[in-house]
Amino acid sequence: MANIAQQLDTVRQRIATAATKAGRNADDIQLLAVSKTRPAEDLLEAIEAGQTRFGENYLQEALEKIAALSNQACEWHFIGPCQSNKTAALAQHFDWVHSVDRLKIAQRLSDQRQSSPDSQNERLNICLQINTSGEQSKSGIAPEQLEELASAVACLPGIRLRGLMTIPAASADFGQQRTPFRLMKQLFDALNEKGYELDTLSMGMSNDLEAAIMEGATIVRIGTAIFGART
Ligand SMILES: *Cc1c(COP(=O)(O)O)cnc(C)c1O
């Protein structure tokens, strides 16, 4: 079995090195451990090695782990596709949802967060997912639709618009990896110039975290490099 603590350490060093190269402070980049398909024991190993933030894609599986680890101080981020039938559970059990790409979903999350018994009135943190590859099959809104969606989402009372998220088309080339991340940073800066107070760029995975950090990522979402290949 892979040594999760060791792999976590390696990822933290990759982040630190990339931050230095980018002239950034590594403390400004949060590591989200993407634990989809992994059993709660693996997460516990990561927790014991100091990891607190976990990203999950599949709701049922995530809810089981959230319950199993309820005595741990974890922060739970949902990063999978958001359908209407999931929003109530997301609003109740998660701290963040990175994958919002429709107003209707944002409205439901806001309403359900406000009526959720567990949330103690803290707003749910949201990122809007951008489709940077142009592939029809991918989730996320087109960059041209961002401003309209952001303006509608920003005034919903149960959620807090924190930033933008993307899953770009895979590339092995560092220069090509940077292109969609650079676009994300431009979209992020443009919204902030208009008065939004975004602080989050959720981008970068096991194979492209260096490129994402070079372009301004504040949360990198890392699965394989921490937990090993998924079967
Ligand atoms: C699975 C997944 C990741 C992690 O990908 P790795 O390549 O395993 O690091 C990050 N973000 C999202 C949205 C994912 O679904």
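Analyst: Happy to! One term first: a pocket is an open set of grid points with protein on both sides within 12 Å along at least five of seven lines, and a lining residue has an atom within 4 Å of a point. Please keep in mind that this is a predicted model.

User: Which residues lie nearest the centre of the largest pocket?

Analyst: The lining of this pocket is made up of 26 residues. By kind, they divide into 10 nonpolar, 11 polar and 5 charged. Those nearest the centre are Lys36, Ile167, Met205, Arg221 and Arg230.

User: How much space lies in the largest pocket?

Analyst: This is the space that the ligand takes. Its volume comes to about 490 Å³.

User: How many residues of the shell around the ligand are charged?

Analyst: In total, 13 residues surround the ligand, and the closest are Lys36, Asn57, Ser206, Gly223 and Thr224. The shell holds 6 nonpolar and 4 polar residues. The charged ones number 3.

User: What share of the ligand's accessible area does the protein cover?

Analyst: Let's begin with the polar contacts, which are pairs of N or O atoms within 3.5 Å. The side chain of Ser206 has an N or O atom 2.5 Å from a ligand oxygen, and the side chain of Thr224 also has one 2.5 Å from an oxygen of the ligand. Arg221 places a polar side-chain atom 2.9 Å from a ligand nitrogen. Of the 390 Å² of accessible area that the ligand has on its own, the protein covers 89%.

Terms used: Residues are numbered from 1 along each chain as its sequence is written. This is a predicted model: local features need pLDDT of at least 70, side-chain atom pairs count only at pLDDT 80 or more; totals for chains, interfaces and linings use all residues. Side-chain values use heavy atoms; hydrogens and water are left out. A residue is near a molecule or strand if one of its heavy atoms lies within 4 Å of it. A polar contact is a pair of N or O atoms within 3.5 Å; within protein, one must be able to donate a hydrogen and the other to accept it, and residues adjacent in sequence count only if both atoms are side-chain atoms. Accessible areas come from the Shrake-Rupley method with a 1.4 Å probe; for residues, only the protein chains shown count as cover. On a 1 Å grid over the protein atoms alone, a cavity is a set of points where a 1.4 Å probe fits but cannot get out, and a pocket is an open set with protein on both sides within 12 Å along at least five of seven lines; lining residues have an atom within 4 Å of a point. A molecule sits in a cavity or pocket if more than half of its atoms lie within 2 Å of its grid points. Ala, Val, Leu, Ile, Met, Phe, Trp, Tyr, Cys and Pro count as nonpolar, Asp, Glu, Lys and Arg as charged, and the others, Gly among them, as polar. Grid points are joined across faces, edges and corners, and a volume is the space filled by probe spheres set on the points.
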